Amino acid sequence: MEEIIKPSHGPRFARRVPRRVARIFRYAGIFFLMAVIVAILVLAYAQLRLSRNQQEIAELSQQVPDEPMNVLVLGSDSREGLSPEQIKKYDPTGADSKTGKRADTIILLHLDERRKKAILIHFPRDLRVTDGAGNPTKINGIYQDGPGAMIETVQDFTGLPIHHYVEVNFAGFNNIVDALGGVNVYFEKPINEPDSGLNVPRGCVTVEGDQALAFVRVRKIDDDFGRIARQQLFLKLMMEKVTSAGTLLNPIRLVKLVNLFATNVETDAQLTVGDMKTIAGRVRGFSADRVDMRVVPSSGAKIRGVSYVIATDSQTEALFRAINEREPLPDYGRTGISSIEPADIELTLFNGVGVDGLAKSEAEALRRRGFQVKGTGDAATFHEKTTVYHDEGFEDKAKFLAAIYGAAVKVKPENLVVETEIALVLGQDFSEGRATPPPPPSPGQASKGQKEEKPLVHACED
C-alpha cells in the first residue's frame, strides 16, 4: 500500500521568511526616511523661527577648530511679553521702567569639549568697568549701548573671545521655566518680600512662573552675591532636570525645547539650531563635577557715594588666564570663598596702648605676610580692644583683617584722618598676648574666624 505523505508546511513557511524580513526592512527604510525628512523639516522650522529673533553683531569673534566656545548670556529686564499685572508686580513703583533696559543677569558660558568642562561665570550687576569713552560705570548699564558694547566690555575684561550671544527677557524666562515644570528648592525659612513678589513657606517648594523670576531677581533678602548664588543654584537644578528627564535623548522633547528656546530668546545671527543642539549636547555630556560655577572675584565698595562691586585684580587675572590657557582653575570666584587677600589691603597701623615699638614691630610682621602697611603712629585714645576702622563701603576688607586678630570692626570716626581706607589700632588685648594673630589664610580661602553661614536656600533632598 502506497504510503501517503502529507506535505509539510515547513518549506512554505521557510519560503515566507525572506519575504517578511524583506518587507520589514523595506518598511523600516521608509520609516527611517520619513523620520529623517520630519527631523529636517522640524529643524528648518525651528531655524526659521530662531532667525526672527537674531541680529548681526560685528563684535563677535570667529571660533576656530578645537577652540573652546564662549557664549555671553544676558538676562534682560525688558518687560516685553508681560501682562500689565505682571509688570506692576515686578516694578510696583515704575521706577525701573524709567532707567532704560539693563542687563539684569550677566553670565559667560565657557564650553571646552576637549576637556569635557563647562564654566559659568557670573558678573555682578554693579561690577565697576569702563565704558567706550573710558569712564567708570556699572557693567549692567553698558547694555543700554547695545549688545555689541556689552560684548566688547566682557572681551576686554576677561581677555576671552566671545563667539555667540544669547539674551532672554522676563517673559522668555517664565516660559522656559514653566515648560520644564519648575524646579524644587528648599527654603530654610519662609520668605515674603513684597517688592519682588517672592512669597514661599519654609521647606521644599516647586519654584515656577512668577515665583521663579522673583527668586532669581530678589536682592533684599541678602545681597548681590547671595543673588548670584541663588541664580547658580537655579541654573544647576534646571540643568539636572533637563538631563534627568531624558529631554536630550527624546526627539519630541528636544524639538519642543529647541522650538521654545528659539521663540523666547534673542541671539546673534551666526547661532544656528545645530549650534544650539551642540551646546545642549556638550553640557549634557559633562558630569556634575565638570560644570564649574564662579563669580568674578570681587567685593563691595562705595566710591564718591556710589555703590560698586570692585574686581580683585590679581585673582580675576589669575582666573581668566587659567581659563584661557586651559590650566587647572584656582579657587578664586567660588561661591562662599573670600575674594580678598592680604595684598589687597592697605592700612595704617596705630599703637593704642602706649607700649614702645608695638606698632612698628607689628607693621613689619604684617608686611611679611603680604599686607600693605603704609604708615604707623600712636592712637589719640587708649584702646582696651584691638579695633579695625574702615571707610564706608570697605567693610569686607575690615572684616578680613579683624578676623585675624579677633578685633572689633567700626566705621572710621571723623577725627581719624588717614589716607588708607583701613586703620588698625592695637589694643590692650593684643599687648597682653590675647590677640596674637594666627598665620594668614591661604589665597582664595575664607579667613579663619569668619563664620560659615548656612545657605538660605539649597536643593531639596531626595
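**Figure 1. Surface and overall make-up of the protein chain.** The accessible surface of the protein chain is about 24,600 Å², and carbon and sulfur atoms account for 53% of it. Accessible areas come from the Shrake-Rupley method with a 1.4 Å probe, and for residues only the protein chains shown count as cover. The model is predicted: local features need pLDDT of at least 70, side-chain atom pairs count only at pLDDT 80 or more, and totals for chains, interfaces and linings use all residues. Residues are numbered from 1 along each chain as its sequence is written, and side-chain values use heavy atoms, with hydrogens and water left out. The protein chain has 462 residues, of which 45% count as buried (under 20% relative accessible area; exposed is over 50%, and partly exposed lies in between, with a 1.4 Å probe and protein chains only). Its secondary structure consists of 13 helices and 21 strands; helices (H or I, at least four residues) and strands (E, at least two) are DSSP runs, numbered from the N terminus. Of the contacts between residues at least 6 apart in sequence, 71% join residues at least 24 apart, where contact means heavy atoms within 4.5 Å.

Figure 2. Two strands pair if DSSP finds at least two bridges between them. Strand 18 (residues 387-390) pairs with strand 19 in the parallel sense over four bridges. Here Tyr 389 stands opposite Lys 410 of strand 19.

**Figure 3. Strand 16 and its two partners.** Five of the six residues of strand 16 are buried, and the strand is mostly covered. With strand 17, strand 16 pairs in the parallel sense over six bridges; Asn 351 stands opposite Asp 378 in strand 17. From strand 16 the chain passes through helix 11 to strand 17 in a right-handed β-α-β crossover. Right-handed means that, with the strands pointing away from the viewer, the path from the first strand over the helix to the second runs clockwise. The pairing of strand 16 with strand 20 is also parallel, over five bridges, and Leu 347 stands opposite Ile 422 in strand 20.

Figure 4. Helix 12 is largely enclosed by the rest of the structure, because eight of its 11 residues are buried. Among them are Lys 397, Phe 400, Leu 401 and Ile 404. The cover over the buried residues of helix 12 includes strand 16, helix 11, strand 18, strand 19, strand 20 and helix 13 (428-431). Just after helix 12, Gly 406 has a positive phi of about 70°.

**Figure 5. Aromatic pairs.** Rings of Phe, Tyr and Trp (its six-membered ring) pair if their centres lie within 6.5 Å; planes under 30 degrees apart count as stacked, over 60 as edge-to-face and the rest as tilted. By this rule there are six aromatic pairs. Phe 187 and Phe 215 form an edge-to-face pair, 5.7 Å centre to centre with 80° between the planes. Phe 187 belongs to strand 8 (residues 183-187) and Phe 215 to helix 6 (residues 209-217), so the pair ties together parts 28 residues apart in sequence. Phe 187 is buried at 0% relative accessibility, and Phe 215 is buried with a relative accessible area of 1%. The rings of Tyr 405 and Phe 430 form a tilted pair, because their centres are 6.1 Å apart and their planes stand at 55°. This pair ties together helix 12, which holds Tyr 405, and helix 13, which holds Phe 430, parts that are 25 residues apart in sequence. Both Tyr 405 and Phe 430 are buried. Elsewhere, ring pairs link Phe 123, Phe 157 and Phe 320 into a cluster.

**Figure 6. Met 150 and its contacts.** Met 150 lies in helix 4 (residues 147-158) and is buried, with a relative accessible area of 0%. Apart from neighbours within four places in sequence, Met 150 is in contact with Leu 72, Leu 74, Ala 103, Ile 106, Ile 139, Ile 142 and Tyr 143.
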